[in-house]
Amino acid sequence: MTQTVLLPNPSLREPARRVPTRVGRHYFVRTFGCQMNVHDSERIAGLFEADGMQSTDGYESADVVYINTCTIRENADNRMYGNLGQLKAIKDLNPEMMLIVGGCAAQKDRDMIREKAPWVDVVMGTHNLDRVLDLLDHAEQWGPITEVVDELQAMPSSLPVKRELSHSAWVTIQVGCNNTCTFCIVPSVRGVEVSRRPGDIVREVEQLGATGVVEVTLLGQNVDTYGRDLAIDGRRRPIFGELLRRVGSVDGIRRVRFTSPHPNDFREDVALAMSETEAVCEQLHFPLQSGSNRILRAMHRGYTQAKYLDRLSMAREIIPGLGVSTDIIVGFPGETDEDFEMTLEVVEEARFDSAFTFIFSSRPGTRAAEMTDKFVPKEVIQERFDRLTDVQDRVSYERNTEAVGQTMEVLSEGPSRKRADVATTRSRTGKLVHVAGRHPCGSFLDVVVTEAKPHYLLGSPV
Ligand code: SF4
């Protein structure tokens, strides 16, 4: 494996240390959106706890509420404004409660939030998480404040963290994105790609391994380009494959996953690192978005149907037993019946284990939102969406059926939500497996798969 010599990263500031000032007070964090937000919320909780606060389980019992907003998922904006309305009533009863709104919607719509919800004490963006306590101090002393900056000020990973699970952890390796997918708001709210130094990442994973974490998920918007903004050995190039090998060799870490790769940047060295590093799971999330070259071009995805399928075959050849999931958008502006049929053809050919399917929803601030003359009627989109989910459910069921009778290692996530005597577990390939019996969260066990359903498997301990 190549040894890496590091030149300095862009100068991000170190978080300031402070004496806890809110001992005995309670906080509540509500998160909307993707894993990146979930992990940012763990950092916010870490900062609050470092300031002496304890978590509580609802708005009513909280002295400080942090709403981590999203602009990507459908209806996330509406739900956020609904929540802010509900919080006004709570704040009327408890005027001392401090309300902070952060995340992507705050980054993008700071003025609208101020206008629609003037009772919010702090509006802050995605690039200044490290400032949350200073902004809270300011708001308590001087009244409402908005601070949204355009460039990342401190790597979120340099902040304290309160993790949701003790056996599994998110690890940020990169923030921002240099792509220009026309449906996506991420580049304008999360900024350009910034990679975290590999040494820092490995150190964090080593600390996690030493404290009993057995699974890490590396997080970035486009992990395959990780490292190309760093000068490594005097050169700027993607080094995600090397990072996987280093993270995968850390003591105690038995599973490494990552999200999300980009089909345009996914190369053989990453597939080889996956297959040659035992801890790296045979799981790949490979977002297709559309099977039509015309629509892929309009989306600015940078690949064609053929290139996508080639790269997928390459990954499957190199990584035996690979589990593959994808994202698909139905009804992108201008999508015709022929375009949609091409998506269905790829779904049949690619045989994804699972797919996250989305109805196109116009996000203000994106290029696609301006293509109003090409918007597809809602009922046409709905009909296509239903057909797509029918096909994918069948394919998922067929893929799951292939696993019946196999023995596989699973990692328990604790009792299932419906039955305490059944554990929810995950296979290395990312499949959900319900296993009879009580198996503590974080424990590994071997199971034999007894039955397949479209969205999960049933298994018995061997
Ligand atoms: S790769 Fe495209 S979809 Fe993904 S974050 Fe970047 S712009 Fe958005």
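**Note on the strands, helices and ligand shell of a predicted model**

1. In strand β16, the residue that stands opposite L411 is R426, and a further pair brings S412 opposite T425, which also belongs to β16. The model in which these pairs occur is a predicted one, and this should be kept in mind for each of the points below. β15 and β16 are joined by four bridges and run antiparallel, with β16 covering residues 422–427. The two strands make up a hairpin, in which six residues lie between β15 and β16.

2. Strand β15, which spans residues 407–415, is also joined to strand β18, residues 444–452, by five bridges, and here too the strands run antiparallel. Within this pairing, V410 has L445 of β18 as its bridge partner. In general, the strands of a sheet pair through backbone hydrogen bonds, and the pairing may be either parallel or antiparallel.

3. Which strands make up the closed barrel, and in what order do they run? There are five, in the order β15-β16-β17-β19-β18, and the pairing is mixed. On average, neighbouring strands of this sheet are turned by 50° against each other, with direction ignored.

4. A separate point concerns an open sheet, which is formed by three strands in the order β7-β10-β11 with parallel pairing. Its edge strands are β7, residues 168–172, and β11, residues 255–259, each of which pairs on one side only.

5. One of the residue pairs to look for places A169 opposite V216 in β10. Helix α7, residues 198–210, packs on this sheet and touches both β7 and β10, while its direction makes about 170° with that of β7.

6. Is helix α8 mostly covered or mostly open? Helix α8, which runs over residues 240–248, is mostly covered, since eight of its nine residues are buried. The buried residues are F240, G241, E242, L243, L244, R245, V247 and G248, so that E242 and R245 are listed along with F240 and L243. Among the elements that cover the buried residues of α8 are helix α7, the strands β10 and β11, and helix α9, residues 268–276.

7. The chain is divided into domain 1 (26–147), domain 2 (165–281), domain 3 (284–402) and domain 4 (407–461). Taken over C-alpha atoms, the centres of domain 1 and domain 3 are separated by 34 Å.

8. A105 is a residue of helix α3, which consists of residues 104–108. Why does A105 count as buried? A105 counts as buried because 28 C-beta neighbours lie inside 10 Å, where a count of 20 or more is what the term requires. From C-alpha to C-alpha, A105 and G252 are 38 Å apart in space, and they are 147 residues apart in sequence.

9. Around the ligand, the reader will find C177, N179, C181, C184, V186, P187, Q221, N222 and H262. By residue class, this shell holds five nonpolar and four polar residues and no charged ones.

Conventions: Residues numbered from 1 in each chain as written. Predicted model: local features only at pLDDT ≥ 70, side-chain atom pairs only at ≥ 80, totals over all residues. Near = placed C-beta within 6 Å. Nonpolar A, V, L, I, M, F, W, Y, C, P; charged D, E, K, R; others polar. Domains from an automatic or database assignment. Pairing = 2+ DSSP bridges. Contact = placed C-beta atoms within 7 Å. Axes fitted to C-alpha atoms, helices over the stretch in contact; angles between N-to-C directions. Buried ≥ 20, exposed ≤ 12 C-beta atoms within 10 Å, placed from the backbone.
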